[in-house]
Amino acid sequence: MSVMKKRIKHNTILSILVLFITSLGGAQEFDILIKGGSVIDSKNDLNGILDVAIKDGKIARVGDNIPDNLATSVISAKGFLVCPGLIDIHSHNFHGTEPNAYLSNSFTALPPDGFSFRSGVTTIVDVGGAGWKNFRTFKEQTIDRSKTRVLSFLNIIGSGMKGGAIEQNLDDMNPKLTALVAKQYPGIIVGVKLAHYSGFDWTPTERVVEAGKLANIPVMIDFGGSDPELSIEKLFMEKLRPGDIFTHAYAHVKGRIPIVDENGKVHHFAFRAQERGIIFDVGHGGGSFLFEQAIPAMEQGFKPNSISTDLHTGSMNGGMKDIINIMSKFLNMKMPIDEVIASVTWNPAKIIKRTDLGHLSIGAVADLTVLNIRKGEFGFIDTKGNKMKGDKKLECELTIREGKIVYDLNGISAPIWNE
Ligand SMILES: [Zn+2]
């Protein structure tokens, strides 16, 4: 046989072999199998040791003892929690280079991918960075370029959260135009935001709710600053609709009374508001979470509907840090782990009417987070600089976004380097 013929024969055998191996790979029922983790999925009432299988970016099976040989890649999650990818419904991600524009196309807002996956977040909601006038810039700059799923609450201010006088301008609060743009991007624009208004005037609240009604989406309100104060009881019981969101629930800021009164008691109307369907969101931020509020509130059973960060440059290195750190605070305030997980998965999915997210149903997008609960001595700081000690701390081990591993703290999905 000539050298040439030999080479051809050799190549043919090689390609048949490659084909055979490839077809074996293709025959695998699952791409990734996460084995033996403690699965928490509030929507499907799952709370126990289960395996989760992923195929083509979707949840393919959840069950006991799914055989390893059905999957291309097997990850042991023994001792870890496995939950749907976390949803942070209060963040600021309209980053850009416009000078003096605060959280709207400027430096104080943060690019999502730098902060999301490392803290288990797969869906992040920018609340109010953009208004109807600059939403398209936000979409092109951030939403379309991020691996994180980025959603938006439009600011009722047409030009967005640019701070200062711009956010006090009633003439730039147009419910019709806000709703018009919101309706052009259903499922991406998932709400309307009002923040930082400090006048003694209900008009901004009425405008944001009107926009929410027109677009059939919830509103989120960052309330306070008015002198004299506007009544938050009236806000909860008369102005907001069930499903609307009151953020900074455990803050004590100028211009509004806090949830917990001076005697350490939760105002009765806060319970009634929550029963009425008003959503109490944490929105920790750089100035909106105090243990002197949160601890007595939690002791009296006034729990948040959603845990969120209010992420921006002014909060990320303070007491807030990331969503996992806030979840750890609530865990140490005796909130059961399944409720902590629900408040960052299925609850926020329902709040923003994206019920395709936040659960591990078969066929759902495979956004998953694997968490570790560490035991030890830890400290947590609030926005006043006060500390609460704790003995549990959550850590993000692994994040999967649409079936792809996007973060792996300790290499639980990685092969050993010399094997
Ligand atoms: Zn905020």
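Modeller: By class, the second largest cavity is lined by four nonpolar, five polar and three charged residues (Asp, Glu, Lys and Arg are charged; Ala, Val, Leu, Ile, Met, Phe, Trp, Tyr, Cys and Pro nonpolar; the others, including Gly, polar). This is a predicted model, with local features needing pLDDT of at least 70 and side-chain atom pairs pLDDT 80 or more, while totals for chains, interfaces and linings use all residues. Numbering starts from 1 along each chain, and side-chain values use heavy atoms, without hydrogens or water.

Colleague: Which residues line that second largest cavity?

Modeller: Pro84, Gly85, Ile87, Thr122, Thr123, Arg149, Asp356, Leu357, Gly358, His359, Val365 and Asp367. A cavity is where a 1.4 Å probe fits on a 1 Å grid but cannot get out, and lining means an atom within 4 Å of a point.

Colleague: And what volume does it have?

Modeller: About 70 Å³, counting the space filled by probe spheres set on the joined grid points.

Colleague: What lies nearest the centre of the largest one?

Modeller: Tyr197, Thr205, Phe223, Gly224 and Leu230, out of 14 lining residues. That lining splits into six nonpolar, six polar and two charged.

Colleague: New topic: which residues of H5 meet H6?

Modeller: Ile232, Glu233, Phe236, Met237 and Glu238 of H5 meet Phe269, Arg272, Ala273 and Arg276 of H6, with contact being heavy atoms within 4.5 Å. That contact has five nonpolar, no polar and four charged residues. Helices are DSSP runs of H or I, at least four residues, numbered from the N terminus.

Key
1 Å grid on protein atoms, 1.4 Å probe; cavity = no way out; pocket = protein on both sides within 12 Å on 5 of 7 lines; lining within 4 Å. Helix = DSSP H or I, 4+ residues; strand = E, 2+ residues; numbered from the N terminus.
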